[in-house]
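Trainee: I would like to go through this model with you, one question at a time.

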Amino acid sequence: MTTPGPQIHVPSAPRRLRITEGMMTDFIIDPVLAAKIIFGVELDAFQRARLRTYWWVPEVMDSSGFSSAKSITFWLFCNLRAILIPDQVVGVFYLSFEAGKQIFWPYYRSPLAAAPLFRAQIGGLDESGDEMKGTSKNPSCWVARFRNGNEVKMPAPDWMKDARTQAGLRFNVAGIDEWTKVEATGTTGIDDQFLGRLTRPSYNQHHPLWANKTIFLATAEHRGHPGWSRYQSFKRRVDRGDPNCSIIQYSYKDYSDRRCHSGKTFKEEYRVDSKIKAMVEKFTPDHTLREMFGVWSEAMRGWYPPESIKKAVERGREHQTEVTLSRHSEA
Amino acid sequence: MKQGSYHFMGVDPAPALGERSDDGVIVVARMRVRPELAEARALQGLDTFSDQPMDWLAEYVYGYRCRKMSVRQWTGMIHKVNDRFSPEMICMDYNGGGTYIGLGLREARQLIDGVETSVTPIVSPAEPLPDARHTLCMFKRGDPCIEGVWPRLAGDELLVDAMHVAFQSALEHSVLFPEPWEERSNASREKLVNPASTELQWAAKMVSEGIRQLASITVLTDEAGAWITGRRGGRVFSATGKKDIAYAMIYAYVGFLVWLKRMAWLGEATGNATEAEVW
């Protein structure tokens with residue numbers, strides 16, 4: 001039985017936790033500012049560049065090396081997109097559902113997600129108008145909901161079935177972490193199903209900001225890897241100057257001496273030199289280039305040994321071999 | 001002319017229209033039986049000819065880079081170099097317009113230095129065309145010359161693999177390069193100066209560049225350094241930078257292998273056939 005009386009509508013968030021139109025305009029233009037105000041996070045210079053690349057370039061391949069903060073920037077990007085851009089569904093894919101749970105989702109419990117302005121955006125109403133939880137963990141898909149109706153979805157991937165289980169989903173933003181490992185499973189899921197799901201209507205599909213986005217995250221691989229052809233295809237587009245496509249490669253060396261939230265420098269806070277040194281010692285030079293610096297290396301070996309070439313020149317000197325213009329002018 | 005020497009032309013054709021496109025290249029190699037071996041056999045009263053590739057020395061004596069040339073200009077250029085060196089065999093890649101150049105070489109009128117000139121057509125040894133030089137070998141599977149050296153290969157990648165294996169061995173034991181241009185003294189460079197033409201200097205520079213290109217030819221490996229092979233089992237070769245001069249050098253050597261094999265067969269068939277009898 002309902003109680004008669006005036007219907008009082010209470011705003012879902014207090015005024016100080018609302019993102020005003022002016023803020024929205026500034027944030028859309030500069031996601032780094034948005035991250036600072038909404039999450040209270042101060043990014044290092046290369047992380048800012050990375051976030052802006054994700055924000056403004058429709059297709060990004062991030063081949064950055066180990067310990068270069070790919071995951072956290074990706075999480076910030078996905079959530080900023082859901083908060084700031086109207087009518088968005090963001091898809092987040094990992095090699096396994098478990099990997100997503102361990103890598104992506106814990107950020108929703110981190111101090112970043114405790115920022116009041118962010119907390120105020122999380123949530124939403126269900127079909128009967130009741131408040132829903134900000135995140136829900138269904139067996140096949142974990143979802144973070146936002147008050148503007150947008151969602152960040154992390155479906156349980158099924159690459160072995162060529163991602164056929166994703167067939168009904170449509171996204172505006174889709175990011176795959178460790179995509180090279182997905183390719184290495186031999187699945188055609190990335191091409192056949194995943195990229196085909198990026199078809200949700202956007203406000204302007206030709207604009208770098210509003211267009212749907214794809215982010216491929218993984219450290220670099222070698223030429224014999226199944227992911228090489230996708231990298232080559234990206235690279236050809238980048239070389240042609242296609243503004244819709246970008247390959248970025250940062251490494252632990254990009255951490256600067258600027259102060260971060262703890263008062264230490266970014267380098268001191270995030271660069272674990274002893275670990276990195278141990279890895280460099282263990283890896284081959286080629287592996288180091290790929291894993292640490294994001295360089296897609298050819299893994300090639302010279303076929304004609306320099307010593308043989310040198311010997312051929314020496315033999316030529318010995319026999320006084322000389323160029324000539326005809327058979328008859330030979331000595 | 002050096003006694004007992006034979007010449008072989010390697011051609012890697014390409015239109016070379018853009019700045020970064022592959023160059024077209026003509027290279028000539030001179031082959032002769034190792035002098036010490038020839039001397040020893042002569043003392044024993046034996047024929048100095050040997051059918052073993054390793055008994056020969058391969059000297060690279062000429063290189064020419066061609067850019068933005070039409071098929072007619074290409075065929076004219078090949079005929080011009082052919083007239084100068086009279087190679088026993090011309091080995092040409094069939095890619096990069098090689099098929100059309102091969103057809104053009106059979107014409108009896110060629111444009112040499114801008115002048116219509118009568119020449120002896122160049123055709124494949126398998127062609128029953130009279131009054132022609134039967135010295136053209138197209139580097140591809142199925143060509144009768146190539147089949148003679150590497151018969152029944154399952155794929156093109158295996159032919160490329162076999163070619164590199166053969167030349168790697170030759171480079172180790174038999175190849176002789178002239179002094180690289182950048183290592184030459186001024187006196188050595190001046191010897192190549194000809195007021196009428198800079199072609200000799202450029203030939204030296206081309207061969208030098210070919211030596212450098214050989215060093216940049218690489219083969220694909222996995223992380224552990226093991227070869228990665230294609231579907232047919234051939235290794236995957238590529239180069240960091242251009243490789244056209246190096247490949248023309250290798251084609252010249254392939255031409256030699258084809259000729260040697262043919263000589264050996266004809267020697268067996270006819271007793272002691274000489275080159276004149278063969279051709």
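**Helices, sheet and side chains**

Mentor: Helix 4 (residues 70-84) of chain A lies across strand 1, strand 2 (89-93), strand 5 (151-155), strand 6 (173-177) and strand 7 of chain A, at about 165 degrees to strand 7 of chain A. Helices (H or I, at least four residues) and strands (E, at least two) are DSSP runs numbered from the N terminus; axes are lines fitted to C-alpha atoms, for helices over the stretch in contact, with angles from 0 to 180 degrees between N-to-C directions. This is a predicted model in which local features need pLDDT of at least 70 and side-chain atom pairs pLDDT 80 or more, while totals for chains, interfaces and linings use all residues. Residues are numbered from 1 along each chain as written, chains are lettered from A and ligands numbered from 1 in written order, and side-chain values use heavy atoms, without hydrogens and water.

Trainee: What is the order of the strands in the open sheet of chain A?

Mentor: Two strands pair if DSSP finds at least two bridges between them. The edge strands, pairing on one side only, are strand 3 (135-137) and strand 8 (245-248) of chain A. The sheet has eight strands with mixed pairing, in the order 3-4-5-2-6-7-1-8.

Trainee: Which residue of strand 7 of chain A stands opposite M61(A)?

Mentor: Strand 1 (residues 59-62) and strand 7 (residues 213-217) of chain A run parallel and are joined by four bridges. Opposite M61(A) stands F216(A).

Trainee: How many disulfides are there over all chains?

Mentor: A disulfide needs two cysteine sulfur atoms within 2.5 Å. The sulfur of C91(B) has its closest cysteine sulfur in C137(B), at 4.0 Å, which is too far for a bond. For C145(B) the closest is also in C137(B), at 4.5 Å, again too far. The count over all chains is zero.

Trainee: How is the aromatic pair of Y62(B) and F85(B) classed?

Mentor: Rings of Phe, Tyr and Trp (its six-membered ring) pair with centres within 6.5 Å; planes under 30 degrees apart are stacked, over 60 edge-to-face, and the rest tilted. Here the centres are 5.4 Å apart and the planes at 50 degrees, so the pair is tilted.

Trainee: Over which ring does the charged end of K205(B) sit?

Mentor: The criterion is NZ of Lys or CZ of Arg within 6 Å of the ring centre and within 35 degrees of the ring normal. The charged end of K205(B) is 4.4 Å from the centre of the ring of W202(B).

Notes: Contact means heavy atoms within 4.5 Å.
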